[in-house]
Amino acid sequence: MDFERSLLIECGKLIRRFERYAYELRQEDFRRERRSGKLSRGTIHRPAYWDTDRLFNPFLVRAASASISRAIGMGLKNGNYQPFNPVLYSVPKSDGSTRQTSVFNIADATISRQVYKTLLKKNISRMSSYSYAYRSDLTVHDAIQHIALDFADQKRIFLAEYDFTKYFDSISHGYLWQLISDKKFFVTDSEKSILESYLNTEPQEQASYQRVSSALKEPGVGIPQGTSISLFLANVAAWEIDRALERLGVGFARYADDTLIWSNDYGRICEAVNTLTVLGDKIGAKINLKKSGGVSIFAPNDAPVEMKTKSSVEFVGYSFTHQTTGMRKSVAARIKKRISYIIWANLLEQIEKGNHVPSRVTQTIDRDYLVMIKQIRRYLYGNLTEERISRFRDAGITRMNFPGVMSYFPALDNVTQLKDLDGWMLHTIYTSLAKRGKLLHAHGRLSLPSPHGIREADLPWAKAKSASGKVVDLRMPSFVRMGTLIKDAAAVHGPNAVGKSGGPQHYHYAD
């Protein structure tokens, strides 16, 4: 694939993402107008770094793709290609704080991705089969299956949970080049030159951005986050750790700097922790003692133990017990937060402000309730309907990447957790609907249409009729139904064929 075509593809992807965001914002404006009877126009925000330099704006880059491609092609041919500095960008974290990442301009990001794919293809056989991050042949779903299978037959097992402090920021350049040379990774001189050029860039604040620094950075530490090349380098940096853990004979799974180790032998677990510490020092990354769980015994709650124990362990977006694999608590909390917002925005937000639109509550149906059900269903199911889910279960499951938030969890089998989520959603909708009913009465509505007045136990199966007599589906979507479908599809086609792939960032479900 020629570079200009790759550049246009990247621009198209970014433009579609922005246009989808703008479309969804306007759709929410229209819904808010219908609920409130008042004009609503949310502000469409472009990424702030688009205005830092024209090379960050996909619309402008697309228009100048031919000249940009010629300039970069000449630089690569002459061996003097040098990416421009990235801009610093703050990414919200789940604990309310922010993480600084680097955003390279679109052309440099495209070069980075092409080089990354080439390096990964040539060197993928060198990587440990227990390293699951940033691979084309393995995903986080493979890591979850590996962990769940090893834990399934263990009544008790020793665990070691350790994270590195600022792993990407701490990696030693000298150590990287030594590994690439000594371990004979397949990297050409031109590829090494490109890798060095990315490591020599200096992330810039948006307010004082400069394309080129006044002086090149001396080889030191840190690889820029936010570019594909760094994904390859991050796995190279951990190569000795992976090999050392394999030689020790412990079980482990690593996703970037997130490492889970287990063994029946306490001595081997201690050796593994020592290995992490020693090799972490060589990499330049220190163990984060505040975030690390340390060594413990993984055992059922009622099992007799002689040291610190835990009955569940979390890795990426999942939580494991001896019997089940489920969502980690923080992920479930984020999903609840999103659904709570959908319920409040449709049933209570406007009417609590005194903005009652009588036409939204007809003689036969509460239209705001119908919109709420559709939005929750789209969040959980994507574009699937209850009828299509039923057909899948009765007639066989198609090989497809299933949409919706539940598609991140094809390895989940904790049905109790899914039932609890269904129960929480039912009770939240029921109590919110009851409150809405009282507020409608206060606005003079003496009789209320479906689903008002339905018992809580019957609400999941509610239906209504339109003024024309057509049946309107008010059934609540279900975590259990979608979770069971995804799990069955994974059993038939494999988790990577049906589930969404991604690292920890994909389990944050940003609104």
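**A friendly note on salt bridges, burial and surface charge**

1. Let's start with a pair of side chains: glutamate 349 and lysine 353 meet in a salt bridge, at 3.6 Å from N to O. The term salt bridge is used here for a side-chain nitrogen of Lys or Arg within 4 Å of a carboxyl oxygen of Asp or Glu. Glutamate 349 counts as buried at 8% relative accessibility, whereas lysine 353 counts as exposed at 54%. For these words, buried means under 20% relative accessible area, exposed means over 50%, and partly exposed lies in between (1.4 Å probe, protein chains only).

2. Before going on, please keep in mind that this is a predicted model, in which local features need pLDDT of at least 70 and side-chain atom pairs count only at pLDDT 80 or more, while totals for chains, interfaces and linings use all residues. Residues are numbered from 1 along each chain as its sequence is written, and side-chain values use heavy atoms, with hydrogens and water left out.

3. Now for the whole chain. Its secondary structure comes to 18 helices and twelve strands. These are DSSP runs numbered from the N terminus: helices are H or I with at least four residues, and strands are E with at least two. Along the principal axes, the C-alpha atoms fill a box of roughly 80 × 65 × 45 Å. Of the 511 residues in the chain, 51% are buried.

4. How many salt bridges does the structure hold? There are 29 salt bridges. One of them joins aspartate 366 to arginine 436, with the closest N and O atoms 2.8 Å apart. Aspartate 366 lies in the loop between α13 (349-352) and α14 (367-381), and arginine 436 lies in helix α16 (residues 415-442), so this pair ties together parts that are 70 residues apart in sequence. Both aspartate 366 and arginine 436 are buried.

5. Arginine 436 also meets aspartate 368 in a salt bridge, at 3.0 Å from N to O. This pair again links distant parts of the chain, with arginine 436 in helix α16 and aspartate 368 in helix α14, 68 residues apart. Are these two partners buried or exposed? Arginine 436 is buried, with a relative accessible area of 3%, and aspartate 368 is buried at 3% relative accessibility. Elsewhere, salt bridges that share partners join Arg26, Glu28, Asp29, Arg31, Arg32 and Arg35 into one network.

6. Glutamine 204 lies between α8 (189-199) and α9 (228-237). Its relative accessible area is 11%, so glutamine 204 counts as buried. The side chain of glutamine 204 reaches the backbone nitrogen of glutamine 210 at 3.4 Å.

7. Which residues form a positive surface patch? The patch is made of Arg34, Arg367, Lys374 and Lys470. Patches are built from residues with over 30% relative accessible area and no salt bridge; like charges are joined within 9 Å, and nonpolar side chains (Val, Leu, Ile, Met, Phe, Trp, Tyr) within 5 Å. Lysine 470 sits in the loop between β11 (463-465) and β12 (471-473), and it is exposed, with a relative accessible area of 62%.

8. Finally, have a look at serine 90, which lies in strand β1 (residues 87-92). Serine 90 is partly exposed, with a relative accessible area of 40%. Between the C-alpha atoms of serine 90 and glutamate 387 there are 42 Å, and these residues are 297 residues apart along the chain.

Technical notes
Accessible areas come from the Shrake-Rupley method with a 1.4 Å probe; for residues, only the protein chains shown count as cover. Lys and Arg count as positive and Asp and Glu as negative; His and the chain ends are not counted. The place of a charge is taken as NZ of Lys, CZ of Arg, CG of Asp or CD of Glu. A polar contact is a pair of N or O atoms within 3.5 Å; within protein, one must be able to donate a hydrogen and the other to accept it, and residues adjacent in sequence count only if both atoms are side-chain atoms.
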